Amino acid sequence: MTKPNYKNMNRAELKQYLLSNRNDQDAWNSFFEKLSNLDSDIGYSSDLSSEEMEKLFKTKLKQTNLE
C-alpha cells in the first residue's frame, strides 16, 4: 500500500487522514510540521478549532506515553 503525499495535503485533509490513521507517525510528523508553520499573527491553525487541536495533542501524547 502506498502512503499519501502528506506535503501536498492541507491541514484539513491531513487532519481527516489522521482521524482514520492515528498510528501513522509520518503523517503526524507532517501535521506537526504544518502546525509549526502557522501565521504568527494568528498563533494557531485557522482550520482547526482550539478544542480539535487540544484533542489531537492529547491523543498523540497518550499514544506516545503508551509506547
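The model is predicted, so local features need pLDDT of at least 70 and side-chain atom pairs count only at pLDDT 80 or more, while totals for chains, interfaces and linings use all residues. Residues are numbered from 1 along each chain as its sequence is written, and side-chain values use heavy atoms, with hydrogens and water left out.

Start with the rings. The structure holds five aromatic pairs. Rings of Phe, Tyr and Trp (its six-membered ring) pair if their centres lie within 6.5 Å; planes under 30 degrees apart are stacked, those over 60 are edge-to-face, and the rest are tilted. One of the pairs joins Trp28 and Phe31. Their geometry is edge-to-face, at 5.9 Å centre to centre with 90° between the planes. Both residues sit in helix H2 (residues 25-36). Helices here are DSSP runs (H or I, at least four residues), as are strands (E, at least two), and numbering runs from the N terminus. Because Trp28 and Phe31 are three residues apart in helix H2, about one helical turn separates them.

Trp28 and Phe31 are both buried. Buried means under 20% relative accessible area, exposed means over 50%, and partly exposed lies in between (1.4 Å probe, protein chains only). Phe31 counts as buried because its relative accessibility is 1%.

Phe31 also pairs with Phe32. This second pair is edge-to-face too, with 5.7 Å centre to centre and 70° between the planes. Phe32 has a relative accessible area of 28%, so Phe32 is partly exposed.

Now turn to the charges. Side chains of opposite charge can pair when their charged atoms come close. The whole structure contains five salt bridges. Each is a side-chain nitrogen of Lys or Arg within 4 Å of a carboxyl oxygen of Asp or Glu.

Asp26 and Lys3 form one of them, at 3.4 Å from N to O. Asp26 lies in helix H2 and Lys3 in the segment before helix H1 (11-20), so this bridge ties together parts that are 23 residues apart in sequence. In space, the C-alpha atoms of Asp26 and Lys3 are 9.3 Å apart. Asp26 is partly exposed, because its relative accessibility is 42%. Lys3, at 47%, is partly exposed as well. Leaving out residues up to four places away in sequence, Asp26 touches Lys3 and Tyr6 (contact means heavy atoms within 4.5 Å).

Which parts of the chain does the Lys15 and Glu52 bridge connect? First its length: the side chains of Lys15 and Glu52 meet at 2.4 Å, N to O. Lys15 belongs to helix H1 and Glu52 to helix H3 (residues 50-66), so the pair links distant parts of the chain, 37 residues apart. Lys15 is buried, with a relative accessible area of 14%. Glu52 is partly exposed, with 30%.

Glu54 and Lys58 meet at 2.9 Å, N to O. Both lie in helix H3, four residues apart, which is about one turn of the helix. Glu54 is partly exposed at 42% relative accessibility. Lys58 is partly exposed at 49%. Elsewhere, salt bridges with shared partners join Lys3, Asp24 and Asp26 into one network.
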